[in-house]
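Biologist: Before we talk about any labels, could you show me the model, so that I can ask what stands behind each of them?

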Amino acid sequence: MRAMCDTAASIILDYIQEHLFSPSLSWDKREFKRRSYQQWAAHEIIERILDHPFDPPLDTIENFLFEMYFYACFSGEDEDRTFIFQTAVETTEDIVLLFV
């Protein structure tokens, strides 16, 4: 199972390098934040996969997705918080597609 986790982490790292490259300071402030939150979500998923080597990686990713969805739905009127967690949901949905 550990090999599956290492492979999943490698796939996500490749995705980060190819699609979630670091934002430029010249980017619009909102897009800069979006990219930062996307990177955070992807790296958090990798950490969780590696922290749970006996769980199937896709289960770990889906658990993160549900957690972020919950936080996005219950952020109330706080638009910044909703933006963070909605960005994490979208990023996680993209990452799930790498494994199906």
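Predicted model: local features only at pLDDT ≥ 70, side-chain atom pairs only at ≥ 80, totals over all residues.

Biologist: What makes A41 count as buried or exposed?

Modeller: Buried means under 20% relative accessible area. A41 has 0% relative accessibility, and therefore it counts as buried.

Biologist: How do you know which residues A41 is in contact with, leaving aside its neighbours within four places in sequence?

Modeller: Contact means heavy atoms within 4.5 Å, and with those neighbours left aside, A41 is in contact with F64, A88 and T91. As for I84, it lies 43 residues from A41 in sequence, while the two C-alpha atoms are 9.4 Å apart in space.

Biologist: What share of the contacts in the chain with a separation of 6 or more comes from residues 24 or more positions apart?

Modeller: Such residues account for 63% of those contacts. Buried residues, for their part, make up 35% of the 100 residues in the chain.

Biologist: How do you know whether the radius of gyration agrees with that of a compact globule?

Modeller: A compact globule with 100 residues would have a radius of gyration near 13 Å, and because the chain has 14 Å, the two agree. Along the principal axes, the C-alpha atoms fill a box of roughly 40 × 30 × 20 Å.

Technical notes
Residues numbered from 1 in each chain as written. Heavy atoms only, no water. Rg over C-alpha atoms; globule rule 2.2 N^0.38 Å. Buried < 20%, exposed > 50% of the residue type's maximum accessible area, 1.4 Å probe, protein only.
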